[in-house]
Amino acid sequence: MNNEKGTSSFKIKAGLAQMLKGGVIMDVVNAEQAVIAEKAGAVAVMALERVPADIRADGGVARMSDPGMIKEIIASVSIPVMAKARIGHFVEAQILEALGVDYIDESEVLTPADEYYHIDKHAFDVPFVCGCRNLGEALRRIGEGAAMIRTKGEAGTGDVVQAVYHARTVLGDIRRLQGMPDAELMTYAKNIGAPYALVKEVRDNGRLPVVNFAAGGIATPADAALMMQLGVDGIFVGSGIFKSGNPAERAVAIVKAATHYNNPAILAEISEGLGEAMVGINVSSLPESERLETRGW
Amino acid sequence: MKIGVLALQGAFAEHIVMLQALGVETAEVRLPDQLADLDGLIIPGGESTTIGKLAVMYNFMEPLRAFAAEKGMWGTCAGMIFMAKEIGTVGTGRDQPLLGIMDIVVERNAFGRQVDSFEADLIVDGFDAPFPAVFIRAPKLVEAKGDARVIVRLEDGTAVAAQQGRWLVTSFHPELTGDGRFHEYFLKMVEDTGE
């Protein structure tokens, strides 16, 4: 048994994320919402002060949430609790680890603290999840120690189009890489800016070495099932649940959709009578400067 | 032989890969009628509250109990919690549905939030070399009662696997290590049940 600080192996960190597969992780802003999420069958909650839709509306600098509020959420549920740190803000990450969160999301939803470097995630015992838009970005984050990946999508919009684009890009990159001979791997690794060893591992195994969830714009059970059918391992729902007309019912429906994603009859049944979905913003109407997905390098 | 893996949520794909490597026919089980032609069932690791809630929503509880009354069943981690008759009160786990199949008492989050994930080499009776085990937010196997008996312990005496006839529970994850010996052990149990 090896539990001393700094010895949490990558196998354990990645294994933690493997237990979330086929599940839904929900953004919550208080203990009451966390309990609703747990009752609905969420596999984890993301504790944050404002959901991405509100961060987008409020503008200004978005930072790590108040530790008091995170502690309250940890105390209110038995499922794992995640919290967000700014890209590159390793002290926010240290604080979150000290609070005992189960995962840290180094997230583009918050305002980046470093425009060149992400957090050295190997230096932590707590596992990290990071966003990506393509295979190169995914493997850079895994190289830095991320034990879980999520495609970025475009958070706080309720528009699934970017989530689809990013998932198709990552999974398509992997499919193309599988047919690549050894001689081409180094140049490919250089071109996508990814560590050679990880590129080779993905080529050999036909999958990322860590769990890959979809995020950013998922608002309905059909959206969740779409992402699962495309081949992701699970779903993050941010603003989509608690910005909708009937959060408790929608939460249950999205949880069921992540399990029965291949069964249209069940999807039809659970999509019925959910009330208003979140209003949503068309990603195509967003100016480049307001797109969160471009944060991270 | 056909072995099902309950695929409501969790690490079911990893079990399927291990079983297929051993040449067994497999099935992902998402609805109760998919239990019909199976010889054994694995309940995987995952989030036990989520698996329990989905099992209740899709009317799995009685069919799973009926299945266990005749066939082999193995719960890993969350699956161990789900198969237990009793859940202790030290950890959390409110309104968590239990199948109540095995005469064991388990405790959730009992190792403590920061230390409930670790690796250990297990000495197992009948295995010629130690088994590399990964514990992920592991529940504690507090007690085995009646016919249930502890079959593996950590060096410090903590129980980590138990068997009761054709039922098996492990608080660790043999599906994550690429070592198929526990899967072989379970297949042998299922075979013996069929005879």
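Modeller: Let's start with the term we need: a salt bridge here is a side-chain nitrogen of Lys or Arg within 4 Å of a carboxyl oxygen of Asp or Glu. Keep in mind that this is a predicted model. By that rule, the side chains of Lys21(A) and Glu14(B) form a salt bridge, with N to O at 2.8 Å. Between chain A and chain B the count is three salt bridges. Polar contacts across the same interface of chain A and chain B come to 14 residue pairs, both partners at pLDDT 80 or more.

Which elements does chain A bring to the side that touches chain B? Those giving two or more residues are α1 (10–18), α2 (31–40), α4 (67–76), α12 (247–259) and α13 (264–271) of chain A. Of these, α1(A) gives the most, with five residues. Sorted by type, the residues on that side of chain A are 19 nonpolar, 14 polar and seven charged.

Now for the interface overall. Chain A puts 40 residues into the contact and chain B puts in 38 residues. About 3100 Å² is buried between chain A and chain B, and carbon and sulfur atoms give 56% of that area.

Back to Glu14(B), and from there inward. Glu14(B) is one of the buried residues of helix α1 (residues 12–21) of chain B, along with Phe12(B), His15(B), Ile16(B), Met18(B) and Leu19(B). What lies over them? The cover for the buried residues of α1(B) includes α1 of chain A, and from chain B itself β1 (2–6), β2 (25–29), β3 (40–43), β4 (72–76) and α5 (181–194). Just after α1(B), Gly23(B) has a positive phi of about 80°.

Val5(B) counts as buried because its relative accessibility is 0%, and the cut-off is under 20%. Neighbours within four places in sequence aside, Val5(B) touches Phe12(B), His15(B), Ile16(B) and Leu19(B), as well as Ala27(B), Glu28(B), Val29(B), Leu41(B), Ile42(B) and Pro44(B). Phe12(B), His15(B), Ile16(B) and Leu19(B) are among the buried residues of α1(B) listed above.

Cys132(A), for instance, is in no disulfide, and the nearest cysteine sulfur, from Cys130(A), is 9.3 Å away. Cys132(A) is itself buried, at 0% relative accessible area, and Cys77(B) is buried at 5%.

Terms used
Residues are numbered from 1 along each chain as its sequence is written. Chains are lettered from A and ligands numbered from 1 in the order in which they are written. This is a predicted model: local features need pLDDT of at least 70, side-chain atom pairs count only at pLDDT 80 or more; totals for chains, interfaces and linings use all residues. Side-chain values use heavy atoms; hydrogens and water are left out. Contact means heavy atoms within 4.5 Å. Buried area is the accessible area (1.4 Å probe) that two parts lose on being put together, summed over both. A polar contact is a pair of N or O atoms within 3.5 Å; within protein, one must be able to donate a hydrogen and the other to accept it, and residues adjacent in sequence count only if both atoms are side-chain atoms. Helices (H or I, at least four residues) and strands (E, at least two) are DSSP runs, numbered from the N terminus. Ala, Val, Leu, Ile, Met, Phe, Trp, Tyr, Cys and Pro count as nonpolar, Asp, Glu, Lys and Arg as charged, and the others, Gly among them, as polar. Buried means under 20% relative accessible area, exposed over 50%, partly exposed in between (1.4 Å probe, protein chains only). A disulfide is a pair of cysteine sulfur atoms within 2.5 Å.
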